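My entries follow in the order I made them.

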Amino acid sequence: MTNVLRTTIGLLLLLGVNVSFADAQARAVRFGRLWDGTKVITDAVVTIDGDRIVAIGSGPGAVPAGAVVIDLRKYTGLPGLIDLHTHITYYWDRQPGTRPRGQRRLPAVTVFLAQENARRTLETGVTTVRDLNAGNDMDLAMRELIATGAMAGPRIFASGPGLSARQGQPPDPGAMQKLVEDRVKAGVDWIKIFGSRGGFDNVDGTQTVTFDEMKAVVDAAHALGKKVAIHSYGAPGVRDAVRAGADSVEHGADVDDETLAEMARRGTVWVPTVDHNRYYIDAQAEYGFAAGSDIALRNYIERNFESVRRAVKAGVRLGMGSDAVYTMFGQNTRELEWFIKAGMTPAQALGTATTTAAALLGVDDRLGRIAPGYLADLVAVEGDPLADIRAMFTGVRWVMKDGKVVVDRK
Ligand SMILES: [Zn+2]
């Protein structure tokens with residue numbers, strides 16, 4: 001290496017520019033059509049070096065000389081999707097005589113077994129998830145294992161255990177603030193608050209965390225550079241979460257127009273998770289839910305979805321979150337169909353799982369789009385999800401994450 005070259009590389013390193021010393025061959029991925037996160041490119045060529053996208057072009061002339069070509073011209077290309085609400089450590093081994101909930105095992109065993117949830121997630125074209133509640137910091141463990149390549153799965157933004165109101169005790173904003181500091185010390189990426197009841201077959205939206213407590217958590221988290229997601233099934237909790245400055249609000253029904261307008265004004269992302277209650281209806285026998293629980297779930301879906309319709313009209317930023325648990329992994333993107341039913345175009349719906357989601361996670365400089373400098377997270381889908389979003393549910397054939405092929409069902 002010449003001194004000039006050494007100095008140049010040193011300077012680039014100082015400037016934070018990635019310098020690759022490996023003489024790895026560039027790869028060119030060809031798609032019949034490509035949606036890059038904002039527009040469609042036909043006969044697209046995505047050139048990849050290591051884990052990064054270095055160029056986008058069109059036509060055979062855009063393939064760099066000597067590049068290894070991956071020919072996916074039969075398929076539509078998309079950026080790797082982001083699922084903003086998962087519970088990836090909720091694992092069921094499907095043993096006869098057992099239910100998804102209530103199985104007991106060591107946390108390390110669950111982390112190992114939950115690889116299956118991670119794999120099913122990748123197979124839907126989701127390469128990044130935000131995981132919002134896991135016991136024993138198991139989601140942090142999976143995050144580390146996946147990041148180092150020891151486990152296959154989507155990259156994880158993890159909250160660890162969500163914060164809840166302390167049962168039978170008066171509201172205590174100071175205590176909640178202390179919990180945030182403990183969570184941040186534990187290494188979480190996000191803070192999750194359970195601001196109301198509701199979950200599984202229980203659609204009770206009663207608020208459990210006060211506005212003052214929510215505000216204390218949001219302020220403490222923001223002071224430490226972390227964002228906050230607040231769960232609320234009911235409208236009062238959604239209203240308080242928005243006013244308290246939550247970065248995202250999860251679930252929610254009967255949301256009043258004033259709150260929707262406030263979300264639009266502040267840029268709060270609403271992750272309504274409509275589809276997870278559809279899943280609970282489909283899976284009620286598996287869970288052993290009481291007879292008639294599907295009636296309450298259906299009623300909640302209607303009220304949840306009606307608010308989503310108004311949110312689309314009001315210009316609220318919506319985010320795709322599956323709220324996947326147990327056997328729902330593999331259905332992570334079904335929420336997109338609800339967004340289209342609520343008035344979005346397929347491209348707008350895909351935006352909830354790409355550009356909007358990446359911005360919420362603070363990674364919109366590297367994820368959510370196919371562009372030079374971005375991480376090479378690519379999905380190849382049979383059919384055209386921009387014409388019929390259901391192509392996403394059955395047509396994912398190939399997935400690349402960080403420049404590595406993680407699903408290949410061509
Ligand atoms: Zn959830």
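In which sense do strand 2 and strand 3 pair, and over how many bridges? I found strand 2 (residues 40-49) paired with strand 3 in the antiparallel sense, over six bridges. T47 has A55 of strand 3 as its bridge partner. I count two strands as paired if DSSP finds at least two bridges between them. Helices (H or I, at least four residues) and strands (E, at least two) are DSSP runs, numbered from the N terminus.

A note on the source: the model is predicted, local features need pLDDT of at least 70, side-chain atom pairs count only at pLDDT 80 or more, and totals for chains, interfaces and linings use all residues. Residues are numbered from 1 along each chain as its sequence is written.

I traced seven strands in an open sheet, in the order 3-2-1-4-14-15-16, with mixed pairing. Strand 3 (52-58) and strand 16 (404-408) are the edges; each has a single partner strand, so one side of each lacks a neighbour in the sheet. Neighbouring strands here are turned by 30° against each other on average, direction ignored.

**Strand 1.** I then looked at strand 1 (residues 27-35), where seven of the nine residues are buried, so the strand is largely enclosed by the rest of the structure. Buried means that 20 or more other C-beta atoms lie within 10 Å of the residue's own, exposed means 12 or fewer, and partly exposed is in between, with C-beta atoms placed from the backbone. Strand 1 runs antiparallel to strand 2, joined by eight bridges, and R30 has V45 in strand 2 as its bridge partner. The two strands form a hairpin with four residues between them, and G37 in the turn has a positive phi of about 110°. Strand 1 runs parallel to strand 4 (residues 68-79), with seven bridges; L34 stands opposite G77 there.

I found six strands in another open sheet, ordered 8-9-10-11-12-13, with parallel pairing. Strand 8 (163-164) and strand 13 (317-318) stand at its edges with a single partner strand each, so one side of each has no neighbour in the sheet. Strand 11 (residues 248-250) and strand 12 (residues 269-271) run parallel and share three bridges; S248 is partnered by V269.

**D131.** Is D131 buried or exposed? I list D131, in strand 6 (residues 126-131), as buried, because it has 29 C-beta neighbours inside 10 Å. D131 and S159 are 28 residues apart in sequence and 6.3 Å apart in space, C-alpha to C-alpha. Leaving out residues up to four places away in sequence, D131 touches T86, H87, I88, D139, I156, A158 and S159. Contact here means C-beta atoms, placed from the backbone, within 7 Å.

**Helix pairs.** I noted helix 5 (residues 173-186) and helix 6 (residues 211-223) packing at about 30°, with axes 8 Å apart. That makes helix 5 roughly parallel to helix 6. Angles under 35 degrees count as roughly parallel, over 145 as roughly antiparallel, 65 to 115 as roughly perpendicular and the rest as oblique. Axes are lines fitted to C-alpha atoms, for helices over the stretch in contact, and angles run from 0 to 180 degrees between N-to-C directions.

The axes of helix 8 (residues 257-266) and helix 11 (residues 293-314) come within 10 Å and cross at roughly 45°. These two helices are therefore oblique to each other. In helix 8, D257, L260, A261 and A264 meet R310, A311 and A314 of helix 11.

How values were computed. Contact = placed C-beta atoms within 7 Å.
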